[in-house]
Amino acid sequence: MNQHYLPGNPPLEINLRRSKQAKRMSLRVSRLDGRVTLTFPIGLPESQALEFVREKESWLRQQQSHHVPSVKIEIGETLPILGQDRLICTGQGRRVVMDEARIYVPGDAATAPRRLLGHLKQIARSELATASDIYAAKLGKPYARLSIRDTRSRWGSCSSEAGLMYSWRLIMAPPSVLNYVAAHEVAHLSEMNHSSDFWQLVQNLYGDFEDSRAWLRESGHELHRYQFGD
Ligand SMILES: [Zn+2]
C-alpha cells in the first residue's frame, strides 16, 4: 500500500493499492474510519490512477464528511452499553458497576479506559454466550467454542468446526441486535451459507430480524468510534 495526499484543507489521504486481480480501478471509502483506498490494475500507471482520484475529489470529500469522528474513552465521556447511553464515572470499591444511566469504574482515572474495556469484553462474552446457548438449544445443535474479538469487518462468524466468534463491541448495541447476531451465527451451525433456508432458520430462531439487520447496516459502524487507548 502506497500513500498519497491530495492537497487541500485538510489534505485528503489516498491509499493506493495495486492488485493483480483488479480489472479496473475501484475507489472505496471505509464506513468505519473514512479511509480512502483506490485499487487499480497492476499494469496501470500510477499517474492515471491519481488522475482518476482527482476527478472524484469532491465526491470523496463529501463521503468523508459523513464519517463520524472517534470518541476517546475516559472518565466523563458517554458510551452506549446494551443500547443505552451511560456516563463513565469514577467508582468506589473494587468492581465496575452499572446503573441505568452511569457506569462506575474504580481506581485511577488513567487506567479507567483499560479497566472499562476489560469489563465490557467480559459482559459481552456473558451476554453472547447466554444468547448462543438459547439459540443452539432451540436449533438442537451445540457449538464447540465461543470467542470474543475486536473485529472490524464482521460482527460474528461460525467456523466449520462449530466455533462461534463475535465482536465484543456488540455489547454497545441494543440487546435485540446482539441477539440477532447470535441467532445468525448459530443458524450457520446448520446452514453454512446465506440461502433462503438459512434465513428461514434465522426467522425460526429469532423471529423478525429485518429491524436488527437494518440497525447494523445503518448504525453498526458507530460502535467502532469508541477508542479505549489500546
Ligand atoms: Zn452469515
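Helices (H or I, at least four residues) and strands (E, at least two) are DSSP runs, numbered from the N terminus. This is a predicted model, in which local features need pLDDT of at least 70, side-chain atom pairs count only at pLDDT 80 or more, and totals for chains, interfaces and linings use all residues. Residues are numbered from 1 along each chain as its sequence is written.

**Stop 1: Ala162.** Select the loop between β11 (156–158) and β12 (163–167), where Ala162 is found. Ala162 is not a glycine, and its phi is positive, near 65°. Most residues other than glycine have a negative phi. Is Ala162 buried, exposed or partly exposed? A residue is buried if 20 or more other C-beta atoms, placed from the backbone, lie within 10 Å of its own, exposed if 12 or fewer, and partly exposed in between. Ala162 has 15 C-beta neighbours inside 10 Å and so counts as partly exposed.

**Stop 2: Leu82.** Leu82, which is not a glycine, has a positive phi of about 50°. Because 17 C-beta neighbours lie inside 10 Å, Leu82 counts as partly exposed.

**Stop 3: two helices.** Select α4 (residues 175–187) and α6 (residues 210–219), which pack at an angle of about 100° with their axes 9 Å apart. Axes are lines fitted to C-alpha atoms, for helices over the stretch in contact, and angles run from 0 to 180 degrees between N-to-C directions. The two helices, α4 and α6, are therefore roughly perpendicular to each other (angles of 65 to 115 degrees). Show Ser176, Val177 and Tyr180 in α4, which meet Ser212, Arg213, Trp215 and Leu216 in α6. Contact here requires C-beta atoms, placed from the backbone, within 7 Å.

**Stop 4: the nonpolar cores.** A nonpolar core is a set of buried Ala, Val, Leu, Ile, Met, Phe, Trp, Tyr and Cys residues joined through C-beta atoms within 7 Å. The largest has 39 residues, and Leu170, Leu178, Ala183 and Val186 touch the most other members. At least two residues of this core come from each of β9 (102–106), α3 (112–139), β12, α4 and α5 (196–206). Select Ala183: leaving out residues up to four places away in sequence, Ala183 touches Tyr135, Val202, Leu205 and Tyr206. A second, separate core has six residues, among them Val36, Leu38, Ala49 and Leu60.

**Stop 5: the domains.** Finally, colour domain 1 (2–65) and domain 2 (120–227), as the domain assignment gives them. These bounds come from an automatic or database domain assignment. The C-alpha centres of domain 1 and domain 2 lie 33 Å apart.

Key: Angles under 35 degrees count as roughly parallel, over 145 as roughly antiparallel, 65 to 115 as roughly perpendicular and the rest as oblique. Two residues are in contact if their C-beta atoms, placed from the backbone, lie within 7 Å.
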